[in-house]
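Student: Can we go through this structure together? I'd like to see how the labels get decided.
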Amino acid sequence: MHDSNTTANLLGATALALTDVTLGNVTRAAGVAARAATALVTLSASPGLSVSELGRRVGLTQSAAARMVDTLEADGLLKRSPHPFNSHWVTVSLTETGWATTQHILGARATPLSGVLECLDEGEQQTLSCLLVKILTQLYKDNGNAQYICRLCDRGACATEHSTCPVGEAERQDRRQPD
């Protein structure tokens, strides 16, 4: 008989171990804290966010986001610009150095994730992929914030000619639902 508590525990241990390894690689590659690395990746997918929106997407308050943006701007990784429609806001975007750092971050994120999959054959990887789509769809239903779930994702790896982002698809389905 299957014990779902064991499966849940295994999933939790796997998720935590992968998070530890991945974030360790990411922070070393970027030379910044995990939230700052996440902010850079978020801006690479959505340039021109306001400081408040960037903070929301990476899970920071507006004041914490402003301090993080100050630090990243001082490090030459991003720049502020006037918002095109609201003179009270500024937008944030990556500098050339910020773009290069983001590419290092995404590579550092991919390395341990790809490495752990090497113990699975192609069929097992396909099965895992299908299961992860289901899990991510459920996580979106529980969380409702695609930008937060995908805050450190390599957007190009998920949206290819052969696949779509399951979180983005869940969000699109959610928006189609009548209120």
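Student: What makes α3 and α4 roughly perpendicular to each other?

Tutor: Their axes, lines fitted to C-alpha atoms over the stretch in contact, with angles running from 0 to 180 degrees between N-to-C directions, cross at roughly 105 degrees and come within 8 Å. Angles of 65 to 115 degrees count as roughly perpendicular, so α3 and α4 get that label. Touching here means heavy atoms within 4.5 Å, and the contact includes V51 and L54 of α3 and A65 and M68 of α4.

Tutor: Quick note on where this comes from: it's a predicted model, where local features need pLDDT of at least 70 and side-chain atom pairs count only at pLDDT 80 or more, while totals for chains, interfaces and linings use all residues. Residues are numbered from 1 along each chain as its sequence is written, and side-chain values use heavy atoms, leaving out hydrogens and water.

Student: How do you know which runs count as helices and strands?

Tutor: They're DSSP runs, numbered from the N terminus: helices are H or I with at least four residues, strands are E with at least two. That gives nine helices and three strands in the protein, in the order α-α-β-α-α-β-β-α-α-α-α-α.

Student: Why is the pair E53 and R56 called a salt bridge?

Tutor: The rule asks for a side-chain nitrogen of Lys or Arg within 4 Å of a carboxyl oxygen of Asp or Glu. For E53 and R56, the closest N and O atoms are 2.6 Å apart, so the pair qualifies. They sit three residues apart in helix α3, which means about one helical turn separates them.

Student: How many salt bridges are there by this rule?

Tutor: The count comes to five.

Conventions: Angles under 35 degrees count as roughly parallel, over 145 as roughly antiparallel, 65 to 115 as roughly perpendicular and the rest as oblique.
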